[in-house]
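Visitor: Please pick one part of this model and look at it closely. I want the packing, residue by residue, and the cut-offs behind each term.

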Amino acid sequence: QAKPMRAKAPRLVPIDSLLTLGEELMGKGRRTMERGQIRSGAQLFRDGLLIAVLAARPLRRGNVAQLRVGSSFVETAAGFQVRLSRDATKGKQPIDFTYPDWLTPYFRFYLDHVRPVLRARTSEPDLGDLWIGRRGRTLPAVDIWVRITRLTATYLGRPVSPHLFRDCAATDIALHDPQHVGIVKSVLGHASLATGQRYYNQATSLSAAAKHSMVISRIRTK
């Protein structure tokens with residue numbers, strides 16, 4: 001009766017690769033807008049920003065989709081901040097954090113130039129939804145999943161869903177800063193430290209597999 005599960009390790013990519021992809025797509029989107037292909041460029045910039053923010057802080061896609069400018073997504077003196085009550089999160093843990101400074105100019109360009117372009121196709125009242133999709137309406141969580149998965153498959157050679165960003169982030173922490181693996185709890189909004197240990201074990205397995213591959217390579221070259 002067990003449900004089959006796809007192995008996650010072969011699908012993981014370094015967070016740095018996701019961040020780089022996000023910045024590249026935003027740059028490409030901006031240049032596309034400057035050439036006059038405003039709407040297609042705006043969509044590309046939005047998707048690149050989505051990838052970048054998911055890599056910087058991997059929220060669940062439902063929480064990403066529900067962000068609203070001025071309430072759950074606000075600009076403060078410290079930068080752009082996300083504020084979600086415990087009732088809005090799956091783990092019933094409140095989420096309150098500020099995105100890193102390097103994302104600030106991207107957020108401002110999106111809010112000042114990209115979001116208005118995406119909103120232009122509707123005359124409905126603006127309710128402040130951060131992410132705008134087709135016809136100027138809210139970008140649904142399922143559409144976020146589809147676009148991110150397709151773009152990562154195209155540019156990185158493997159489909160990385162928004163939820164898998166969480167595994168990538170946690171595993172990167174466990175690989176590169178194992179002494180502080182406990183921060184996974186806060187980064188992912190979990191209620192316990194048990195998940196941190198699980199990702200630490202996964203990272204250990206990846207490291208062992210890499211070392212094993214190096215041994216095999218040395219044997220084959222003899």
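Guide: α1 and α2 run roughly antiparallel to each other. Their axes come within 7 Å and cross at roughly 160°. By convention, angles under 35 degrees count as roughly parallel, over 145 as roughly antiparallel, 65 to 115 as roughly perpendicular, and the rest as oblique. Each axis is a line fitted to C-alpha atoms, for helices over the stretch in contact, and angles run from 0 to 180 degrees between N-to-C directions. Helices (H or I, at least four residues) and strands (E, at least two) are DSSP runs, numbered from the N terminus.

The model is predicted, so local features need pLDDT of at least 70 and side-chain atom pairs count only at pLDDT 80 or more, while totals for chains, interfaces and linings use all residues. Residues are numbered from 1 along each chain as its sequence is written, and side-chain values use heavy atoms, with hydrogens and water left out.

Back to the pair. The crossing of α1 and α2 is left-handed. That term applies if the near helix is turned anticlockwise from the far one by less than a right angle; clockwise makes it right-handed. From α1, the contact takes in I15, L18, L19, L21, G22, L25, M26, K28, G29, R30, T32 and M33. From α2 come I38, S40, G41, A42, L44, F45, G48, L49, I51, A52, A55 and A56. Contact means heavy atoms within 4.5 Å. By class, the residues of this contact are 16 nonpolar, six polar and two charged. Ala, Val, Leu, Ile, Met, Phe, Trp, Tyr, Cys and Pro count as nonpolar; Asp, Glu, Lys and Arg as charged; the others, Gly among them, as polar.

Now α2 and its contact with α4. Helix α2 covers residues 38-56, and helix α4 covers residues 104-119. Their axes come within 9 Å and cross at roughly 140°. The two helices are therefore oblique to each other. This crossing, too, is left-handed. I38, R39, A42, Q43, F45, R46, L49 and V53 make the contact from α2. Y106, F107, F109, Y110, V114, V117 and L118 make it from α4. The tally is twelve nonpolar, one polar and two charged.

A42 takes part in the contact with α1 and in the contact with α4. At 0% relative accessibility, A42 counts as buried. Buried means under 20% relative accessible area, exposed over 50%, and partly exposed in between, with a 1.4 Å probe and protein chains only. Leaving aside neighbours within four places in sequence, A42 is in contact with M33, V114, V117 and L118.

Residues up to four places away in sequence aside, R46 touches Y110, V114, L118, W131, I132, G133, L139 and R147.

Helix α1 (residues 15-34) and helix α5 (residues 141-156) have axes that come within 11 Å and cross at roughly 100°. They are therefore roughly perpendicular to each other. S17, L18, L21, L25 and K28 of α1 meet L151, T152, Y155 and L156 of α5. The classes are six nonpolar, two polar and one charged.

T152 lies in helix α5. Its relative accessibility is 0%, so T152 counts as buried. T152 and L21 are 131 residues apart in sequence, yet 8.2 Å apart in space, C-alpha to C-alpha. Not counting residues up to four places away in sequence, T152 touches L18, L21, G157, R158, P159, V160 and F165.

For contrast, take R135, in the loop between α4 and α5. With a relative accessible area of 56%, R135 is exposed. Its phi is near 60°, a positive value in a residue other than glycine.

Finally, the setting. The protein chain has eight helices and three strands. Along the sequence, the pattern is α-α-α-β-β-β-α-α-α-α-α. Of its 222 residues, 42% count as buried. Among contacts with a separation of 6 or more, 59% join residues 24 or more positions apart.
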